[in-house]
Amino acid sequence: PPFVPARRARHHGAADARFYAETGAGAIEFGPSCGDWHSKKEYVSISSTETYKNILVSLGKSEKNIIIS
């Protein structure tokens with residue numbers, strides 16, 4: 001699988017990870033590189049979408065029990 005260094009970030013918004021956390025299950029939220037959410041300057045790095053796709057494909061081929069929602 002592709003190796004991408006993780007970085008911790010805080011963003012405003014909502015996600016389903018809070019529901020998993022309530023059950024004690026772990027959750028990781030990730031996606032393509034982006035910034036300036038909900039502004040006129042909002043963007044997504046096109047090259048990072050390829051990396052994101054490769055990670056999802058690798059997870060889909062994994063034999064481990066992974067839930068992608």
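This is a predicted model: local features need pLDDT of at least 70, side-chain atom pairs count only at pLDDT 80 or more; totals for chains, interfaces and linings use all residues.
**Entry 1: Glutamate 50**

I then looked for its partner and found lysine 53, with which glutamate 50 forms a salt bridge. The closest N and O atoms of the pair are 3.4 Å apart. I checked lysine 53 in turn: the relative accessibility is 41%, and lysine 53 also counts as partly exposed.

How far apart are lysine 53 and glutamate 50 in helix H2? They are three residues apart, which means a separation of about one helical turn. I searched the whole structure for salt bridges, and the search gave one.

**Entry 2: Serine 48**

I stayed in helix H2, which covers residues 46-61, and moved to serine 48. Is serine 48 buried or exposed? Its relative accessible area is 13%, and because the cut-off for buried is under 20%, I recorded serine 48 as buried.

I followed its side chain next. It reaches the backbone oxygen of serine 45, at 2.7 Å. I then left aside the neighbours within four places in sequence and asked what else serine 48 touches. The contacts are Pro32 and Ser33.

**Entry 3: The chain as a whole**

I counted the secondary structure and got two helices and two strands. In sequence order I read the pattern as α-β-β-α.

I looked up burial for the chain. It has 69 residues, and 4% of them count as buried.

**Entry 4: Confidence**

I checked the pLDDT last. The chain averages 78, and 74% of the residues score at least 70. Which element has the lowest confidence, and which the highest? Helix H1, residues 17-22, is lowest, with a mean of 82. Strand S2, residues 43-44, is highest, at 92.

**Entry 5: Items to keep**

Serine 48 is buried, and its side chain reaches the backbone oxygen of serine 45.

Note on methods: Residues are numbered from 1 along each chain as its sequence is written. Side-chain values use heavy atoms; hydrogens and water are left out. Helices (H or I, at least four residues) and strands (E, at least two) are DSSP runs, numbered from the N terminus. Buried means under 20% relative accessible area, exposed over 50%, partly exposed in between (1.4 Å probe, protein chains only). A polar contact is a pair of N or O atoms within 3.5 Å; within protein, one must be able to donate a hydrogen and the other to accept it, and residues adjacent in sequence count only if both atoms are side-chain atoms. Contact means heavy atoms within 4.5 Å. A salt bridge is a side-chain nitrogen of Lys or Arg within 4 Å of a carboxyl oxygen of Asp or Glu. pLDDT is the predictor's confidence in each residue, from 0 to 100.
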